[in-house]
Amino acid sequence: MIERYTLPEMGRIWSDQRRLEVWKDVETLALEAWQRLGRVPGGVAEAVSAADCPTPEQVRVREEVTNHDLAAFVDLLGEAAPAAAGWVHYGLTSSDVLDTASGVALAESSSLLLDCLHALFEVVRGQALEHEHSYMIGRTHGIWAEPTSFGFKLAGWAFEVARDHSRIDRARRAVAVGKISGAVGTYAHLPPEIERHVCEALGLGIEPASTQVVARDRHAEYLQAIALTGATVERMATEIRHLQRSEVGEVMEPFSAGQKGSSAMPHKRNPILSERLTGMARLLRGYAQVGLDNVALWHERDISHSSAERVVLPDASIVLHYMLVKLTGLIERLVVDTSRMRANLEATRGLVFSQSALLALVDSGMSRDQAYRIVQRNSMTAWDSGRSLRDLLAEDPEAGLSGEMLEACFSLERVHDSAHVVFERLRSLEL
């Protein structure tokens, strides 16, 4: 991933140097286990542990000869620990090191994403509760629908973020595994004790039946969970973009001192972060497809997945981390214009209360079709004439609604009275 979208915490997990350090940990732990079994001389693991870890540049140079990055690393590690050189990588195959180290990186990435989702959830929930009574127009198909509140909208977002937290947590358990089972995974040259020691020391589960690699449905699940979380971010960002449109103007992204919205038009205040997040969600869906394509490998393994994973696993993790951090800050500092929300509600001329009027007529004993046609006729007149639906219904003798009935139909209190259960659920939700 390009540096522009790589934040330090996730960048460190996927750095080249960190990857080599974990490779060294795997090699050292395997030798520790061999020593315990009496198959490797004492002091070998300690010598490897004390040796300098090869640098990414050293591995790149040696790989020009070996044409194999793990083999280049093993050669260099042996040279750094000459007393143990003959024992480095004893009994292992490349994927024992690569997949186990990948399990470590994916576990750490998942944990960081879970922390970010928890932070996002708390911010969204806080804003939802603050705006429980910030009434606004609900829209379907982009057209005025029923009244709602901004807090109610945010509550839905908060519950979705909570579900994403559960999905990433499940994906973490799926990918936080390793395998030290040798070529084709049969343990022919590696007793299971080696695998148990390495994985326990690294905090990983064990792939119960590996081939030469960890099964890639695990990685596909991780990428699917990331893509779905990205879709949640996109949904929230898309709504913010719509609500910031000049004709709506109900919420706006924060705009800092000195910021410029356009190089040409000084008045511009564009929802640039929401648009950026929407675009980045597209990347995550593409990465998820690659994860699915990587599940089916030839026989016990091939490396068709390898080149793709070098891109999609770090990039998906880095992109989602960036998205979650940025969205959290955006929601926390979101500019909410409740006055504009109320003005937009009033501009509907009461049309958003049409269903209340319909049900009131049905409750009075009128057939649903007759009630619908009366309210629809007056609604169309309100659209065309600019008059309020309430006034038109009050004047319509066929409707026969009293002033008290009309007051109840066009009251916003109904929104709060009926929606409080959602906020009760939100207050009690814990991740």
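The following questions and answers concern the predicted model shown above.

Residues are numbered from 1 along each chain as its sequence is written, and side-chain values use heavy atoms, with hydrogens and water left out. In this predicted model, local features need pLDDT of at least 70 and side-chain atom pairs count only at pLDDT 80 or more, while totals for chains, interfaces and linings use all residues.

Q: How many aromatic pairs are there by the ring-centre rule?
A: Rings of Phe, Tyr and Trp (its six-membered ring) pair if their centres lie within 6.5 Å; planes under 30 degrees apart count as stacked, over 60 as edge-to-face and the rest as tilted. By this rule the count is 7 aromatic pairs.

Q: Which residue forms an edge-to-face aromatic pair with Tyr-5, and how far apart in sequence are the parts that the pair ties together?
A: The partner of Tyr-5 is Tyr-322, at 5.1 Å centre to centre with 70° between the planes. Helices (H or I, at least four residues) and strands (E, at least two) are DSSP runs, numbered from the N terminus. Because Tyr-5 lies in the segment before α1 (8-13) and Tyr-322 in helix α11 (residues 304-332), the pair with Tyr-322 ties together parts that are 317 residues apart in sequence.

Q: Is Tyr-322 buried or exposed?
A: Buried means under 20% relative accessible area, exposed over 50%, and partly exposed in between (1.4 Å probe, protein chains only). Tyr-5 has a relative accessible area of 18% and is buried. For Tyr-322 the relative accessible area is 4%, so Tyr-322 is buried.

Q: What is the geometry of the pair formed by Trp-87 and Tyr-90, and which residues form one aromatic cluster with Tyr-90?
A: The ring centres of Trp-87 and Tyr-90 are 5.3 Å apart and their planes stand at 65°, so the pair is edge-to-face. Trp-87 is partly exposed at 27% relative accessible area, and Tyr-90 is partly exposed at 28%. The residues that form one aromatic cluster with Tyr-90 are Trp-34 and Trp-87.

Q: Which residue has its charged end over the ring of Trp-23?
A: A charge sits over a ring if NZ of Lys or CZ of Arg is within 6 Å of the ring centre and within 35 degrees of the ring normal. Here the charged end lies 5.0 Å from the centre of the Trp-23 ring, and the residue is Arg-19.

Q: In which sense do β1 and β2 pair, and which residue of their hairpin takes a positive phi?
A: Two strands pair if DSSP finds at least two bridges between them. Strand β1 (residues 135-140) and strand β2 (residues 143-149) are joined by 5 bridges in the antiparallel sense. Arg-139 stands opposite Trp-144, and Ile-137 stands opposite Pro-147. The hairpin has 2 residues between the strands, and the residue with a positive phi near 60° is His-141.

Q: Which residue is joined to Glu-309 by a polar contact of 2.8 Å between side chains?
A: A polar contact is a pair of N or O atoms within 3.5 Å; within protein, one must be able to donate a hydrogen and the other to accept it, and residues adjacent in sequence count only if both atoms are side-chain atoms. Glu-309 lies in helix α11 and is buried, with a relative accessible area of 10%. The side chain that Glu-309 meets at 2.8 Å is that of Arg-216.

Q: What is the span of helix α5 from its first C-alpha to its last?
A: The expected span of a helix is 1.5 Å times one less than its number of residues. Helix α5 (residues 69-80) has 12 residues, for which 16 Å is expected. Its buried residues include Phe-73, Leu-76 and Leu-77.

Q: Where does Tyr-187 lie?
A: Tyr-187 is not a glycine, yet has a positive phi of about 65°. At 25% relative accessibility, Tyr-187 is partly exposed. Its place is in the loop between β3 (177-178) and α8 (192-202).

Q: Where does Arg-349 lie?
A: Arg-349, a residue other than glycine, has a positive phi near 60°. Arg-349 is partly exposed at 21% relative accessibility. Its position is in the loop between α12 (338-347) and α13 (354-363).
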